[in-house]
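Subject: Handing over the structure

Dear colleague,

I am passing on the structure that we spoke about, and below it you will find what came out of looking through it. Please read the text with the structure open beside you.

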Amino acid sequence: MDSLNKDIFRVLIDERTIEKRVRELGSILSKEFEDKNPVLICVLRGAVVFLTELMKCMTIPLEIDFIAVSSYGDSTTSSGVVKIKKDLDIDIKDRHIILVEDIIDTGFTLMFLQNHLRRLQPKSITNCALLDKPSLHKTEVKVEYIGFVAEEDFYVGYGLDYAERYRNLPYIGVLKEEIYK
């Protein structure tokens with residue numbers, strides 16, 4: 001872990017703060033979706049850590065599924081072109097969906113996913129993101145549940161990556177610019 005930590009400029013959100021906020025979100029979602037048997041759809045790969053911790057904090061029956069999309073590649077900014085790499089395995093027609101995202105930057109990926117999921121006729125789609133960068137939104141997206149609001153820095157850890165590295169850090173940190181510039 002030390003070899004990963006040395007690439008971090010500063011810690012944005014420590015492990016304890018993340019755990020507390022995820023517990024709060026789990027409690028809120030449990031109340032909101034009580035008796036609705038929601039499907040939590042994890043946007044791979046970045047949201048997998050958030051999803052696993054979030055669902056452990058939820059006290060209601062639920063199901064999970066996964067969707068994988070690509071819009072970044074090895075870049076630090078979204079290309080704006082979103083492609084599905086892995087689609088859902090379960091039928092979500094007439095189901096309550098909680099779309100679990102790691103980070104909202106431009107909003108293009110979220111908008112693409114919402115449009116894709118609407119074609120599958122769920123009863124509802126609710127968005128839950130670990131991090132939101134509202135200053136970078138380039139489209140109107142509504143995120144009902146947000147873990148943390150962040151600035152325009154490039155973040156890694158707790159599932160967030162740069163070129164598939166740093167996901168296993170237990171905190172969210174700002175990556176040193178010389179690593180990705």
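A residue is called buried when its relative accessible area is under 20%, exposed when that area is over 50%, and partly exposed in between. By that rule, 48% of the 181 residues of the protein chain count as buried. Please keep in mind that this is a predicted model.

Overall build

The protein chain contains five helices and nine strands, and when they are read from the N terminus their order is α-β-α-β-α-β-β-β-α-β-β-β-β-α. Its radius of gyration is 16 Å, close to the 16 Å that the globule rule gives for 181 residues, so the protein chain is as compact as a globular protein of that length. Along the principal axes, the C-alpha atoms fill a box of roughly 50 × 35 × 25 Å.

If you take the contacts in the protein chain with a separation of 6 or more, 66% of them are between residues 24 or more positions apart.

The nonpolar cores

Which residues of the largest nonpolar core touch the most other members? They are Phe-50, Leu-54, Leu-131 and Ile-172, in a core that holds 28 residues. Two or more residues of this core are given by each of α2 (15–32), β2 (39–44), α3 (48–56), β5 (96–104), β6 (124–132), β7 (145–149) and β9 (172–175), and the largest share, four residues, comes from α2.

Once its neighbours within four places in sequence are left aside, Ile-172 is in contact with Val-11, Leu-12, Ile-13, Ile-18, Leu-130, Leu-131, Tyr-155, Val-156, Gly-157, Tyr-158 and Leu-160. There is also a second, separate core of 18 residues, and among them are Val-82, Ile-92, Leu-113 and Ala-129.

Backbone details to look up

Most residues other than glycine have a negative phi, and most peptide bonds are trans. The peptide bond that joins Leu-44 and Arg-45 is cis, with an omega of about 0 degrees, and Arg-45 lies in the loop between β2 and α3.

Gln-121, which is not a glycine, has a positive phi of about 60 degrees. This residue lies in the loop between α4 (108–118) and β6, and with a relative accessible area of 43% Gln-121 is partly exposed. Tyr-166 is not a glycine either, and its phi is positive at about 80 degrees; its place is in the loop between β8 (155–156) and β9. Is Tyr-166 buried or exposed? Its relative accessibility is 1%, so Tyr-166 counts as buried.

Three further residues

Lys-83 is placed in strand β4, which covers residues 83–86, and because its relative accessible area is 54%, Lys-83 is exposed. Apart from neighbours within four places in sequence, Lys-83 is in contact with Ala-68, Val-69 and Ser-70. From Lys-83 to Tyr-180 there are 97 residues in sequence and 23 Å in space, C-alpha to C-alpha.

Arg-95 is found in the loop between β4 and β5, and with a relative accessible area of 16% this arginine is buried. Beyond its neighbours within four places in sequence, Arg-95 is in contact with Asn-37, Pro-38, Val-39, Glu-63, Pro-122, Lys-123 and Ser-124. Arg-95 and Ile-125 are 30 residues apart in sequence, and their C-alpha atoms are 8.7 Å apart in space.

Thr-139, finally, lies in the loop between β6 and β7. Its relative accessible area is 16%, so Thr-139 is buried. With neighbours within four places in sequence left aside, Thr-139 is in contact with Thr-106, Gly-107, Phe-108 and Met-111.

With best wishes

Definitions and conventions: Residues numbered from 1 in each chain as written. Predicted model: local features only at pLDDT ≥ 70, side-chain atom pairs only at ≥ 80, totals over all residues. Heavy atoms only, no water. Rg over C-alpha atoms; globule rule 2.2 N^0.38 Å. Buried < 20%, exposed > 50% of the residue type's maximum accessible area, 1.4 Å probe, protein only. Contact = heavy atoms within 4.5 Å. Core = buried A, V, L, I, M, F, W, Y, C linked by side-chain atoms within 4.5 Å.
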